[in-house]
Amino acid sequence: MAGSGQTSTAFDVAAAQMALEAQPFSRLVQARITEFAEGAATLEIDIRQELLQQHGFVHGGVLSYAADNTLTFAAATALGPAIVTGGFSIQYVRPALGRTLRARAEVVQAGRRQAVCRCELTMLDGEGAESVCAVAQGTAMTLNGSARGGDEG
């Protein structure tokens, strides 16, 4: 990971999954954290009919949700858990077709109060082959301007 050199020891994959499950929308789409390590996070969603749009592709809102959350979870490895999304952009590169959506994000650069991350969203087919369907980049920032989720501000 490029950036501050800070690592999160108290915020592990189990804590990340608990944070994810605290989000009602994440429970609705049945998202799960499958990787959470220094500078990176992976989120997966098994695709079901309710997550598709009218042409049978995974809805762009589901892809955006996955990018947003994965970017922020990756940033949490550098900044701590008390963060929010500062903003992100997403480019859809091909229709999202498959059984499982996988979003992988990594920290590009992290400072004391903000981290810039990028994310690749892929679809896995029945045999586990992946194809890229979208890419995203965004920032996350600490709440109240405090680094590592402290209570200043």
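# Notebook: one predicted chain

I began with a side-chain pair: Thr42 and Glu35 are joined by a polar contact of 2.8 Å. I note that the model is a predicted one.

**Entry 1: Thr42**

I looked up where Thr42 sits. Thr42 belongs to strand β2, which runs over residues 40–46. Is Thr42 buried or exposed? Its relative accessibility is 3%, and buried means under 20%, so Thr42 counts as buried. Next I listed its contacts, leaving aside neighbours within four places in sequence. Arg32, Ile33, Thr34 and Glu35 are on that list. Thr70, Arg102, Ala103 and Arg104 are on it too.

**Entry 2: Thr70**

Thr70 was in the contact list of Thr42, and I followed it up. I found Thr70 in helix α3. Its relative accessible area is 1%, so I wrote it down as buried. What does Thr70 touch, not counting residues up to four places away in sequence? I found Ala41, Thr42 and Leu43. I also found Ala103, Arg104, Ala105 and Cys119.

**Entry 3: the whole chain**

I stepped back to the chain. I counted 3 helices and 6 strands in its secondary structure. Read along the sequence, the pattern is α-α-β-β-α-β-β-β-β. The chain has 153 residues, and buried ones make up 41% of them. I then took the contacts between residues at least 6 apart in sequence. Of these, 64% join residues at least 24 apart. The accessible surface comes to about 7,600 Å². Carbon and sulfur atoms account for 51% of that surface.

**Entry 4: helices α1 and α3**

I picked a helix pair. Helix α1 covers residues 13–21, and helix α3 covers residues 60–79. Their axes come within 12 Å. At what angle do they cross? I noted roughly 140 degrees. Angles over 145 degrees count as roughly antiparallel and 65 to 115 as roughly perpendicular, so this pair is oblique. The crossing of α1 and α3 is right-handed. On the α1 side, the contact is made by Ala16, Ala19 and Leu20. On the α3 side, it is made by Tyr65, Asn69 and Phe73.

**Entry 5: Ala96**

I turned to a loop. Ala96 lies between β3 (83–92) and β4 (100–110).

**Entry 6: Gly126**

I looked up another loop, the one between β5 (114–124) and β6 (130–142), where Gly126 has its place. Gly126 has 44% relative accessibility, so it counts as partly exposed. Gly98 is 28 residues away from Gly126 along the chain. How many Å separate their C-alpha atoms? I wrote down 7.3 Å.

**Entry 7: Gln30**

Gln30 is in the loop between α2 (24–29) and β1 (32–37). Its phi is positive, at about 60 degrees, although Gln30 is not a glycine.

Technical notes
Residues are numbered from 1 along each chain as its sequence is written. This is a predicted model: local features need pLDDT of at least 70, side-chain atom pairs count only at pLDDT 80 or more; totals for chains, interfaces and linings use all residues. Side-chain values use heavy atoms; hydrogens and water are left out. Helices (H or I, at least four residues) and strands (E, at least two) are DSSP runs, numbered from the N terminus. Buried means under 20% relative accessible area, exposed over 50%, partly exposed in between (1.4 Å probe, protein chains only). A polar contact is a pair of N or O atoms within 3.5 Å; within protein, one must be able to donate a hydrogen and the other to accept it, and residues adjacent in sequence count only if both atoms are side-chain atoms. Contact means heavy atoms within 4.5 Å. Accessible areas come from the Shrake-Rupley method with a 1.4 Å probe; for residues, only the protein chains shown count as cover. Axes are lines fitted to C-alpha atoms, for helices over the stretch in contact, and angles run from 0 to 180 degrees between N-to-C directions. Angles under 35 degrees count as roughly parallel, over 145 as roughly antiparallel, 65 to 115 as roughly perpendicular and the rest as oblique. A crossing is left-handed if the near helix is turned anticlockwise from the far one by less than a right angle, and right-handed if clockwise.
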